[in-house]
Amino acid sequence: MSSKFEIILTKLKSNANPQKAVEMKQYMRNRFEFLGIQTPLRRELTKEFFKEEKKNKVIDWAFIWECYRSEYREIHYVACDYLQAMSKWLEYDNILELYDLASRHQWWDTIDRLDRIIGNIGLKDKRIDAVMLDWSQSDNFWIRRLAIDHQIGRKDKTNVPLLKQIILNNLGSDEFFINKAIGWSLREYAKTNPQWVKAFLDEHQHQLAPLSYREASKHLN
């Protein structure tokens with residue numbers, strides 16, 4: 001155990017809330033163990049650590065993997081927080097490590113953090129587009145969800161042909177988390193280009209799951 005990881009683990013354990021831990025575990029369908037530390041407190045406890053880490057200007061993958069080997073879900077969140085804080089130094093060559101992270105302890109909470117982290121790399125390096133297109137056809141639906149939603153928040157920087165093809169690659173799915181992701185990605189882009197989203201919905205209405213269509217239509221008049 002590295003001293004860096006030990007400091008974080010000790011700090012979070014000393015602020016554990018057993019009652020909250022039970023509630024958080026139940027909310028996540030008993031998939032993970034929790035310390036009972038909610039997001040605002042976790043961020044406060046790690047703020048100074050991340051501030052110091054940024055001075056190094058190097059991603060510490062050993063620390064990230066120590067976090068991901070932890071039994072506690074909040075420590076997995078710390079790994080995602082760390083990647084977000086250090087996003088300036090993430091690059092295309094890190095995509096295999098990020099894929100490995102996305103393939104472990106899979107659930108929507110970490111997948112929906114990693115998609116933005118990878119999406120931010122894609123804004124700097126267009127080679128990520130081909131990777132996301134490939135991931136959108138993965139046998140693993142969590143990897144497909146990540147690909148579907150990796151452009152959320154890009155607004156007018158959205159690669160629209162890529163968004164369209166990734167969604168088309170996932171039409172006809174009966175997986176809730178895929179259909180929710182399709183609706184979410186379209187709903188968010190509708191805030192920037194409602195005409196395009198409306199046209200897409202009209203064209204593919206009979207192929208879209210009702211959940212996807214309903215989510216995508218929320219901001220359309």
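Which residues line the second largest pocket? They are Arg43, Thr46, Lys47, Phe50, Lys51, Lys54, Asp81, Gln84, Ala85 and Arg113. Keep in mind that this is a predicted model, where local features need pLDDT of at least 70 and side-chain atom pairs count only at pLDDT 80 or more, while totals for chains, interfaces and linings use all residues. Residues are numbered from 1 along each chain as its sequence is written, and side-chain values use heavy atoms, with hydrogens and water left out.

**The two pockets**

First, the terms. A pocket here is an open set of points on a 1 Å grid over the protein atoms alone, with protein on both sides within 12 Å along at least five of seven lines; a lining residue has an atom within 4 Å of a point. Volume is the space filled by probe spheres set on the points, which are joined across faces, edges and corners. Helices are DSSP runs (H or I, at least four residues), numbered from the N terminus.

The second largest pocket comes out at about 160 Å³. H3 and helix H5 (73-85) each supply at least two residues of its lining, and H3 gives the most, with 6 residues.

The largest pocket has a volume of about 230 Å³. Its lining is made of 13 residues, and Met28, Thr39, Arg42, Tyr77 and Asp109 sit nearest the centre. Helix H2 (18-27), helix H3 (39-54) and helix H7 (108-124) are the elements that give two or more residues to this lining.

**Aromatic pairs**

Phe50 turns up again here. Rings of Phe, Tyr and Trp (its six-membered ring) pair if their centres lie within 6.5 Å; planes under 30 degrees apart are stacked, over 60 edge-to-face, and the rest tilted. That rule gives 15 aromatic pairs. One of them joins Phe50 and Tyr82, tilted, at 6.3 Å centre to centre with 55° between the planes. This pair links distant parts of the chain, with Phe50 in helix H3 and Tyr82 in helix H5, 32 residues apart. Both Phe50 and Tyr82 are buried (buried means under 20% relative accessible area, exposed over 50%, partly exposed in between, with a 1.4 Å probe and protein chains only).

Phe141 and Trp142 make another tilted pair, 4.8 Å centre to centre with 35° between the planes. Phe141 is partly exposed at 25% relative accessible area, whereas Trp142 is buried at 6%. Ring pairs also tie Trp107, Phe141, Trp142, Phe176 and Phe177 into a cluster.

**Cysteines and a buried asparagine**

What about disulfides? A search of the whole structure finds 0 of them, taking a disulfide as a pair of cysteine sulfur atoms within 2.5 Å. For Cys67, the closest cysteine sulfur is in Cys80, 9.5 Å away, so it is too far for a bond. Cys67 is buried, with 0% relative accessibility, and Cys80 is buried at 0% too.

Finally, Asn94 lies in the loop between H5 and helix H6 (95-102). Asn94 is buried, with a relative accessible area of 10%. Setting aside neighbours within four places in sequence, Asn94 is in contact (heavy atoms within 4.5 Å) with Trp61 and Trp89.

Notes. 1 Å grid on protein atoms, 1.4 Å probe; cavity = no way out; pocket = protein on both sides within 12 Å on 5 of 7 lines; lining within 4 Å.
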